Amino acid sequence: MDTLLHDIAGIVGEQNLLTGADVTARSDSWPAAGGCQARAIVRPADTTQVAAVMKLCHAARQPVITHGGLTGLVGGAKTGRDDLVVSLERMREIAPVNRVNRTLTVGAGAVLQTVQEAAEQADLMFALDFGARGSATVGGAISTNAGGNSVIRYGMTREQVLGLEAVLADGTVISSMNSVLKNNTGYDLKQLFIGAEGTLGIITRAVLRLRPLMSSRNTALVAVADFDALPRFLRAMDAGLGGTLSAFEVMWNDFYRLIIGDGSRHGRPLGDEYPFYVLIEAAGSSEDIDRLRFEKALEEALGQELIVDATLAQNRQQRAALWAIRDDIETMARALYPPVTFDVSLSIPDMEAYVDAVRARLTQRWPDARMVTFGHLGDGNIHLAFTIGSLEPAQVSALEEIVYGELAPMKGVISAEHGIGLSKREFLSISRSATEIALMKTLKRALDPAGILNPGKIFSIDEGEAS
């Protein structure tokens, strides 16, 4: 590999080829579980450099792992000692906003929050949003088709992408930087790379779709007495808010109680005795009218006994404080250390039975285990987090069998928004048919015949299959 690294250094510059302690000082997962194991980290400046690096790696059959913000939870950026990392951290350029077309062209290494701020400065909005906004990158979000807090209104990441540029395994650049909403000219090639987790190409740039910036936001945290009321409350608010509902985040009591704790971190906006809590938000264009409509919808829900208590944010600071409860994953991870997390989708009517079944089997297997549940119930996605006191592979595997075993008969999805990576690979067949997986492998072999891009992620291809 020494010759390869020498040649790569000639492309990106010696200072942008990291080796030794500069590599191991970095992580390749979240939460951090030891240093990055790769032989080297390459930091290209633009698409041309990425293409030149990949051409060399393809000729040498050098495995390549792409790194963005490293906020993924499924091992999609994990490395081995023979791997080479291509980090897009230098590719953070953000072009001026096209206000008329409502688009923004960015480098794949641009941080989500920075992109959001650039859009807001032009009185527009980039609708994708989630807790890791301060470190997650656009390229990583596109590669995993991330979801987040606004899916119920704006859809997943793929709904926010009009065009993109990607480098294939052999260094070929596919530049499909479409900037119009309607383009019906054959295959939509960008979809090959959205959600492919870096296995088909390295995304280097993207044209993002922006939306009108909402001038009013109304946020409330409400308590709900039983699960059956949750979908009825969702329907009532969706209808009562006239299409402005943008978030419907549900926290089971176990999650809320853990995050609130003694009240020293987030206060106690509502008591911790209720079974369910909903963080609900509506975004509109008329502050006074939207506020009255929001309050009226909540009053009607209270009158119908769909909710039992509520607190409304009176200003931006209070809104941020309510969202901080839902987004406080660090507190959850510390309390459940070592945490094991899951991200699943299933039909809303099946959720309560599913969570109860998982909890029953969990406590039967590990009486001292802890479990918390929360998620974007409005779009059918919930998150489960556990501590069983160990990350020993056999123990984690037993937990996975419980979580996914209860999901299979309900025809649930093993990954709602975090991807497959390494940690969910062996369970892919629960959510995808054999013919679907076979077609995925066909695409992989066609675009990456040497199998060097993020090898082993999503699925593995045996030597006999790769020919």
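## Ground rules

The model is predicted, so local features need pLDDT of at least 70 and side-chain atom pairs count only at pLDDT 80 or more, while totals for chains, interfaces and linings use all residues. Residues are numbered from 1 along each chain as its sequence is written, and side-chain values use heavy atoms, with hydrogens and water left out.

## The chain as a whole

DSSP runs give 16 helices and 17 strands (helices are H or I, at least four residues; strands are E, at least two; both are numbered from the N terminus). The C-alpha trace spans about 70 × 55 × 45 Å along its principal axes.

Of the 467 residues, 51% count as buried, meaning under 20% relative accessible area with a 1.4 Å probe, protein chains only.

## The second largest pocket

A pocket here is an open set of points on a 1 Å grid over the protein atoms alone, where a 1.4 Å probe fits, with protein on both sides within 12 Å along at least five of seven lines; lining residues have an atom within 4 Å of a point. The second largest pocket is lined by 35 residues, with E120, R217, E281, R316 and R319 nearest its centre. Helix α10 gives the largest share of that lining, six residues.

## A look at T204

T204 sits in strand β9 (residues 202-209) and is buried, at a relative accessible area of 0%. Beyond its neighbours within four places in sequence, T204 has contacts that include T47, M91, E165 and V167, a contact being heavy atoms within 4.5 Å.

Methods: Buried < 20%, exposed > 50% of the residue type's maximum accessible area, 1.4 Å probe, protein only.
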